[in-house]
Amino acid sequence: MCDGDSVFAVHTLWLACDHTDASRFPDQILDRDPFRRNMTTASSRVRWFLIFWLFMLSAVAFLDRVNISIAGSSLAAAYHLSNVQLGWVFSAFLAGYALFQTPGGRLVDRLGPRRVLAAGVIWWGIFTALTAAVPSGIRGALFLFVSIRFLLGAGEAVVYPASNRFVAHWIPTQERGIANGWIFAGVGAGAGLSPPLITYIMLHYGWRASFWLCAAIGLVAGLVWFIAARDTPEEHASVSPTELAFIRSGLAAENVRRDRKLLPWGTVLRSKEVLAISLSYFSFGYVAWIFFSWFYIYLAQVRGLNLKASAFYAMLPFLAMAACCPLGGTISDRLTRIHGPRIGRCYLAAVVIAVAAMFLVLGAEVQSARLASVVLAGGAGALYLAQSSFWSVTADIAGSSSGSVSGFMNMGAQIGGMVTASLTPAIASHFGWTASFLVAAALCLMGAAAWLVVDPTRILQAPAELH
C-alpha cells in the first residue's frame, strides 16, 4: 500500500497536470484536492458573493434607468408632454450619466467603492422615487423631470467605476474576465426584467407605483452592499487566509507598488491604450443604446410586429447580453491563461465586435421580421462578449486609479449613447433604418480596429515612477 504522503503527491501531480498550472493557481489546486483541503483551513469565497451583489446592483441600475421607457407614455399623458419633450427627459439621464463618469470614478479612487457605491445607490433610489412624486398639474413639470433624470444619471455614474475599482483590489487577474462578465450580465438582467415587471405594476397599481418599487429595491440592495462589502480583502473579517493569499498572488507586484497614489490625468490622457479603449467603447455604447432606446420602436413601427410580439422580441437582445457577458468573460480568462492578455483580452474583443457588425448588416437586410429580431439580438450578444475585456484591461493597467480610468472610458460609451439617441432616428428618417444599422456596423468595425493597438501589459505609471 502507498503511504499518505505518496497518495498526496500523486493527487497533487494529477491536479497540476489537469490543464492547470500549479505554480500560478495554488489555491485552485488546494480547493480541488480533498487530501489537502482537509489538512488546511477551508478557503472562503467572499469575493464571489460580492461580485454577485455587484451583479444585483448592476441589474437594479438598469431597472431604474429603463423603467421610464416603459412608463414613459403614461407619464407623458399625465403631464401633457409631447414625444419630443419626453425625448429630452430621456436624454437628460444620459447627459448626467456621461458628465459624471470621470469625476465619479475619481471619487471612487479617493474614498473607496464601498462608501461611494452605497451612497450612489441611495442617491439614485431617492431620485427614482422623486420621478413619481411630481404632482399632477404642476407648472414646470418638464423642467422638473429633466432635472430629476439628470441627477439620477449623475448618481448612477459611480456604479461601474466603483465595481472596476473593487475588481482591481479583490479579483486576481486570471479571474477578472468572468468577474466583469457577471457584473455586466446585470445589464441584460435588469433591462430584460423591466418590461414585464414595470408593465405588471402599471396595470395593477399605476405607473407611479413602478417607480416607488424600483426605488425600494435599490435602497435595500444598497444597504446590503454597505453592510457586506469592504474596499480591500484585508479589511474583510470573513476572508480566509487561503482566499487572501490567492487574491494577493493574482495581483501584479507593479500594481501593489503603484497603488500608493493616484495617477495624474496627464498620464491617463497620454496613454494610447486608454484613448484606444475609450474610442472602442464609444462605438460599443452607440450600438448598445440602439437596443436600449430604439429596438422596441423599430420592431413595432418598422417591422410591423404587434404589441405582444414586439414586447417578446424586444427582450431577446437583453437576454443575449445577459448570457454573453459571463460567457465572454469565461472565454477571455481561458484565452488569457493559455495565450496571454493580448489574445485573451484584446484580440478576442476585436473579433467579437467585428462579428457584431456582421450580425447588424445581416439583420437589417433580412425580410422576415421575427428572423431579423433574432439576428439583431445575436449582434447584441456578440457585442457583449467583449464587455469584460474593456473593464478587465482598465483594471489591469490602472490599479488603484482604475475608477478614474474606467470612468473616463465609460464616458466614451455614454457619449456614444447620446449620439445614437438623436442620430439613429435622423439617419432612419432620411435614408431608412437599414442605413442606421449599417452606420452602427461601420462603428463596430472602427471599435474592433481600435483594440489592435492596445497593449494590456503596459502598466500606467506616474512620471516620477518612470526610469
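About 140 Å³ of space lies in the largest cavity of this predicted model. A cavity here is a set of points on a 1 Å grid over the protein atoms alone where a 1.4 Å probe fits but cannot get out, and lining residues have an atom within 4 Å of a point. Its volume is the space filled by probe spheres set on the points, which are joined across faces, edges and corners. Searching the whole structure turns up one cavity of 30 Å³ or more.

What lines the largest cavity? There are 18 lining residues, and Phe 62, Tyr 281, Tyr 384, Asn 410 and Gln 414 sit closest to its centre. Helix 15 gives the most, with six residues. Helices are DSSP runs (H or I, at least four residues) numbered from the N terminus.

A quick note on the ground rules: this is a predicted model, where local features need pLDDT of at least 70 and side-chain atom pairs count only at pLDDT 80 or more, while totals for chains, interfaces and linings use all residues. Residues are numbered from 1 along each chain as its sequence is written, and side-chain values use heavy atoms, with hydrogens and water left out.

Next comes the largest pocket, with a volume of about 1400 Å³. A pocket is an open set of points with protein on both sides within 12 Å along at least five of seven lines. Of its 41 lining residues, Ser 69, Ile 70, Phe 90, Ser 293 and Ile 297 are closest to the centre. Here are the two linings by class (charged means Asp, Glu, Lys and Arg; nonpolar means Ala, Val, Leu, Ile, Met, Phe, Trp, Tyr, Cys and Pro; the others, Gly among them, are polar):

| Lining | Residues by class |
|---|---|
| Largest cavity | 13 nonpolar, four polar and one charged residues |
| Largest pocket | 27 nonpolar, 11 polar and three charged residues |

Now for the packing. The largest nonpolar core has 135 residues, and Trp 225, Phe 292, Phe 390 and Trp 451 have the most contacts inside it. Such a core is a set of buried Ala, Val, Leu, Ile, Met, Phe, Trp, Tyr and Cys residues joined through side-chain atoms within 4.5 Å, with buried meaning under 20% relative accessible area (1.4 Å probe, protein chains only). Leaving out residues up to four places away in sequence, Phe 292 touches Phe 62, Val 187, Ala 191, Phe 318, Met 321 and Tyr 384; contact means heavy atoms within 4.5 Å.

Finally, helix 8 has buried residues including Leu 142, Phe 145 and Arg 149. Its cover includes helix 4, helix 5 and helix 7 (113–133).

Conventions
Helix = DSSP H or I, 4+ residues; strand = E, 2+ residues; numbered from the N terminus. Buried < 20%, exposed > 50% of the residue type's maximum accessible area, 1.4 Å probe, protein only.
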